[in-house]
Amino acid sequence: MDEPQKTAIVTDSTACIPDELQEQLHINTVAYYIHRGTEVLRDLVSVQREEFLRWLPTAEKLPQTASPGPGDYLSTYERLVEEGAQEIISIHMTSKGSGAYQAALAAASMLNERLPKLRVEVIDTLNVAFCQGWVAVEAAREAMAGMNLEGVLRKIRAILPKTRLLQTADTLRYLYLGGRIGKAVHLVGSMLSLKPLISMVDGEITALGVARGLNKAYDKMVDIIIKACEPNQKVKVAYLHAGALEQIQLLKSKVEERLECVESLITELSPALMVHTGPGTSGLCFYPLSE
């Protein structure tokens, strides 16, 4: 029987980590809530990507999403302690767009009242989707390799300022209706032929302009990555989409034609994020590697 991992890694369903990678790295996820009329769904637990994506365009009113509460995190932390974890690192999306970070802090405080020697570090990534995912994945790799807590936190601090989201969509209607449009509100009325480009800066969605058509939008994304890197610097890239696999394959080919990607993967947004992005969303989360 395997010995329990000393440092446990916790994140949320919104980190969009593929199931196989999540299992391989022993990453623990806590599900977001989706309120669809009178239904209360758990992200990637009681509702899956494919069925939600089929339903979403038919919705007359968008569902509401909610972060897990302190009790959700507390029960996860308690289970990990029972399984032998001596330290916990809990990694969350931007606190400017979700209550997850505050809920996790509250859960850590409650647990520490009973177990004052247990260390729970709660991380606000000021980011979302696989930018949050990259932090959790790399932290889990360090923990599995036997790195101590301080070493894992050093790795996290090194990655946090480098991870970046680049995304486009057929429409920003879903972000607008869900109240998550941030500083990109002026792009909502863009013509259909123009593809809005958005990113996240200091925890808020930010506009990067528009491109005429998907092909040009992807070219702009590649240019942005190149500008963010030193000459010949290697990158890691996660390609994200919501029912846009064919488009994401095109983006992948454009990126990897011009950059050296030492790791790349394709993943789909979770239903809790699809609520705000809508079908047809495509983009990536990348970070340049330090030599």
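Predicted model: local features only at pLDDT ≥ 70, side-chain atom pairs only at ≥ 80, totals over all residues.
Local features need pLDDT of at least 70, side-chain atom pairs count only at pLDDT 80 or more, and totals for chains, interfaces and linings use all residues. Residues are numbered from 1 along each chain as its sequence is written, and side-chain values use heavy atoms, without hydrogens and water.

Helices (H or I, at least four residues) and strands (E, at least two) are DSSP runs, numbered from the N terminus. The open sheet has six strands in the order 10-9-8-13-11-12, with mixed pairing; two strands pair if DSSP finds at least two bridges between them. Strand 10 and strand 12 are the edge strands, each pairing on one side only.

| Strand | Residues |
|---|---|
| Strand 10 | 204-212 |
| Strand 12 | 261-268 |

Strand 11 (residues 235-241) runs parallel to strand 12, and seven bridges join them. Val-237 has Ser-264 in strand 12 as its bridge partner. Helix 5 (residues 130-144) packs on the sheet and touches strand 8, strand 11, strand 12 and strand 13; contact means heavy atoms within 4.5 Å.

Helix 8 (residues 214-228) has 15 residues. Its buried residues (under 20% relative accessible area, 1.4 Å probe, protein chains only) are Ala-217, Tyr-218, Met-221, Val-222, Ile-224 and Ile-225. They lie on the same side of helix 8 because they cover an arc of only 160° around the axis, taken from the directions from the helix axis to the C-beta atoms. An α-helix has 3.6 residues a turn, so residues three or four places apart point the same way. The face turned away from the buried side of helix 8 carries Lys-216 and Lys-227, which are exposed (over 50%; partly exposed is in between). Among the elements covering the buried residues of helix 8 are strand 9 and helix 9.

Terms used. Axes fitted to C-alpha atoms, helices over the stretch in contact; angles between N-to-C directions. Expected span 1.5 Å × (residues − 1).
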